[in-house]
Amino acid sequence: MAQANFINAGVTSTSSPRPSIFQLLASGGLHRSICPAFEHILRLLKTRHHSSQALDLLYKYCDEFWLLIDLSLESYYLKTYNALFSEHFYGLTRSFKSNQRHPILRSLLFSVILPYVKRKLDRVFESLRESVADGVPTSKILEFSRLYFVRVYPYIHMIYEGLHLFLAIAYTLGRSSYHQLSTQLAGLTLTQITTEAQSQFQERELKSRNSAQILPKIIRSFAQTLTFGLETGSFILQFFNHWQSRTEHIQMGPTSDIPDPPEIDPEISKTTCPICHGPRRTETLLSISGYVFCYVCVVKYLRQHGKCPITNFPANEDSLIRLYSQESS
Amino acid sequence: MSTAARRRLMRDFKRLQEDPPAGVSGAPGENNIMVWNAVIFGPHDTPFEDGTFKLTMEFSEEYPNKPPVVKFLSKMFHPNIYADGGICLDILQNRWSPTYDVSAILTSIQSLLSDPNPNSPANSMAAQLFKENRREYEKRVKACVEQSWCDD
């Protein structure tokens with residue numbers, strides 16, 4: 001509650017119940033950045049314990065796990081504060097049209113599930129685009145739909161992003177009461193938290209605190225930790241930034257464990273690929289571990305397993321570097 | 001037809017012939033390179049000494065990105081080998097790496113014979129005897145060794 005009060009106090013002098021576009025964009029940004037943060041934490045954990053099966057699984061289905069956490073977190077926030085977590089953090093609340101049914105369900109559908117579907121589609125598009133470029137063979141029907149999807153999807157993406165930009169501009173100019181697609185679709189507007197709404201929220205918070213059910217309690221304490229973590233985290237980050245700039249000569253250590261130096265079999269490492277054991281074709285370096293493979297071999301393996309074939313460090317196609325040696329040029 | 005898996009298996013076979021590891025041998029089946037027959041000789045100074053244990057290795061088109069299915073054809077008495085001949089070995093399951101080849105797999109299985117891991121048992125009887133009654137364990141293994149000379 002503290003941060004909501006703080007933000008309200010800062011803006012009340014100029015504000016109407018209609019929040020400014022900056023507030024909305026900031027809360028949207030926070031909403032979008034929590035999932036990548038979650039993914040990053042998982043990746044870090046996976047780097048540290050790279051033989052753990054459970055972490056492997058968690059990382060592979062990272063999006064789905066986050067969907068579950070997000071759904072429970074946001075439904076708690078929607079029930080208690082009429083707002084998403086990030087919106088409440090910036091002192092906003094959702095007001096629904098009175099004639100609408102299932103406002104919370106609609107909010108969850110458009111603010112949590114829709115972005116999830118979009119994220120999944122983005123990933124599918126990325127992997128399909130490369131498999132088309134590499135000419136990985138499939139059956140005829142799949143081939144056709146794959147090509148079709150790869151051609152059409154960029155336009156869908158453009159329309160989606162374009163609509164967002166259009167709505168944001170229209171909102172700034174006062175022509176639209178919605179600033180983004182999800183609120184437009186759910187048919188709700190965001191307003192500043194008023195004092196009476198705030199007391200209502202406190203009442204609900206107390207009620208949920210006194211209830212004996214365990215699940216809401218867990219969610220509530222998770223939400224509180226997240227809020228608290230964000231506040232203190234951003235403060236500490238600022239502090240460290242300041243401190244870092246004064247003591248720039250002190251080097252920070254690497255964030256992950258340094259792997260043991262690989263055992264080099266001189267026969268194999270000079271010219272052959274560790275995967276196909278043949279002469280390397282289109283030499284490609286995996287920068288996560290420093291090994292060199294055939295491009296085709298390593299890409300196929302990374303897509304299936306998402307880790308370095310030799311060191312088991314998590315890796316993806318972004319860390320591949322094409323090598324141009326003198327012999328091959 | 002030449003696929004990545006088949007090309008790799010040809011290389012594995014070549015390496016196995018040019019640089020044969022001690023105590024193991026293997027070769028692809030006559031008309032299918034995806035199914036191999038192999039023999040592991042029981043390591044010296046272990047109860048498995050003098051045994052000639054036969055195995056099959058079935059590779060998929062995803063080899064070497066996926067491990068082959070390796071099974072003993074000979075009857076075995078070992079803490080990490082199932083009654084049907086299946087092998088409980090980490091590098092054939094979750095710790096598989098595409099850098100392994102046939103010769104590495106066979107030598108790993110050979111060293112599994114001399115160093116069983118009774119903590120992840122596939123044959124609980126063998127694991128229990130290995131831990132508690134080594135003499136009886138060795139007797140049962142010897143019986144397997146003798147049987148391994150007879151079966152085709």
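Predicted model: local features only at pLDDT ≥ 70, side-chain atom pairs only at ≥ 80, totals over all residues.
Residues are numbered from 1 along each chain as its sequence is written, chains are lettered from A and ligands numbered from 1 in the order written, and side-chain values use heavy atoms, with hydrogens and water left out.

**The A–B interface**

- Polar contacts do show up: the rule gives six residue pairs across the interface of chain A and chain B, both partners at pLDDT 80 or more. Such a contact is a pair of N or O atoms within 3.5 Å; within protein, one must be able to donate a hydrogen and the other to accept it, and residues adjacent in sequence count only if both atoms are side-chain atoms.
- On the side of chain A that touches chain B, helix α12 (residues 295–305) of chain A supplies the largest share, four residues. Helices (H or I, at least four residues) and strands (E, at least two) are DSSP runs, numbered from the N terminus.
- That side of chain A splits by class into seven nonpolar, six polar and three charged residues. Nonpolar covers Ala, Val, Leu, Ile, Met, Phe, Trp, Tyr, Cys and Pro, charged covers Asp, Glu, Lys and Arg, and the others, Gly among them, go down as polar.
- Chain A puts 16 residues into the contact and chain B puts in 16 residues, where contact means heavy atoms within 4.5 Å.
- About 1200 Å² is buried between chain A and chain B, with carbon and sulfur atoms giving 45% of that. Buried area here is the accessible area (1.4 Å probe) that two parts lose on being put together, summed over both.

**Chain B and Asp12(B)**

- Chain B has four helices and four strands, running α-β-β-β-β-α-α-α along the sequence.
- Of its 152 residues, 46% count as buried, meaning under 20% relative accessible area, with exposed over 50% and partly exposed in between (1.4 Å probe, protein chains only).
- Asp12(B) sits in helix α1 (residues 4–18) of chain B and is buried, at a relative accessible area of 1%.
- Leaving out residues up to four places away in sequence, Asp12(B) touches His277(A), Trp36(B), Tyr63(B), Asp101(B) and Val102(B).
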